[in-house]
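I opened the model today to look up its fold, its covalent link and its charge pairing. My entries are below the display.

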Amino acid sequence: MSVIKKALVSAFAVVCMSSVFAADAPAPSTDKAAADAAAPAPRAAKRARANWYNTPGWKLMTAQERADYRAKMKGMKTPEECQAFVDQHQADMVERAKAKGSEIIPERNDACNWLKKKK
């Protein structure tokens, strides 16, 4: 069998198989309500997620402290309230790090920036 014949047979097999799999797929819905229900909800505000990279002392915190930190940050209403919380948290983490004989990396970005953009 020549190379051209093998290529044609392979291409034919691919076309046949793709049509078999396409026949099993459900037809796309034209119902707008169903499409809207299936679409993910839009995010209200884009903000950085608190993690080891952008939260000073993250590795010194317990899992419960991390969850509490995230919950408090999500509940902040004003940039001033947020900045006071972040400053107090950083002071606590510096103190905890000194007690363990280590240092923490200072904050890499403004954790309260997302609140300032809401104004």
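The notes that follow go from ground rules to fold, surface, disulfide and salt bridge.

**Ground rules**

I am working with a predicted model, where local features need pLDDT of at least 70, side-chain atom pairs count only at pLDDT 80 or more, and totals for chains, interfaces and linings use all residues. Residues are numbered from 1 along each chain as its sequence is written, and side-chain values use heavy atoms, with hydrogens and water left out.

**Fold**

I looked up the secondary structure. The chain has five helices and zero strands. Helices (H or I, at least four residues) and strands (E, at least two) are DSSP runs, numbered from the N terminus. Read from the N terminus, the order is α-α-α-α-α.

I then checked the contacts, meaning heavy atoms within 4.5 Å. I took those with a separation of 6 or more, and 59% of them come from residues 24 or more positions apart.

**Surface**

The chain exposes about 9300 Å². Carbon and sulfur atoms supply 61% of that area. The areas come from the Shrake-Rupley method with a 1.4 Å probe; for residues, only the protein chains shown count as cover.

I also looked up burial. Of the 119 residues, 19% count as buried. Buried means under 20% relative accessible area, exposed over 50%, and partly exposed in between (1.4 Å probe, protein chains only).

**Disulfide**

I searched for disulfides, defined as a pair of cysteine sulfur atoms within 2.5 Å. The structure holds one. Cysteine 82 is joined to cysteine 112, with S to S at 2.0 Å. Cysteine 82 sits in helix 4 (residues 79–100), while cysteine 112 is in the loop between helix 4 and helix 5 (113–118). The two are 30 residues apart, and the pair links distant parts of the chain.

The angle about the S-S bond is -85°, and the link is left-handed.

Are the two cysteines buried or exposed? Cysteine 82 is buried because its relative accessibility is 0%. Cysteine 112 is also at 0% and counts as buried.

**Salt bridge**

Side chains of opposite charge can pair when their charged atoms come close. My rule was a side-chain nitrogen of Lys or Arg within 4 Å of a carboxyl oxygen of Asp or Glu. The count comes to one salt bridge.

Which residue pairs with arginine 96? The partner is glutamate 65, and the closest N and O atoms are 2.9 Å apart. Arginine 96 lies in helix 4 and glutamate 65 in helix 3 (residues 63–74), so the pair ties together parts 31 residues apart in sequence.

Arginine 96 is partly exposed at 27% relative accessible area. Glutamate 65 is partly exposed at 28%.
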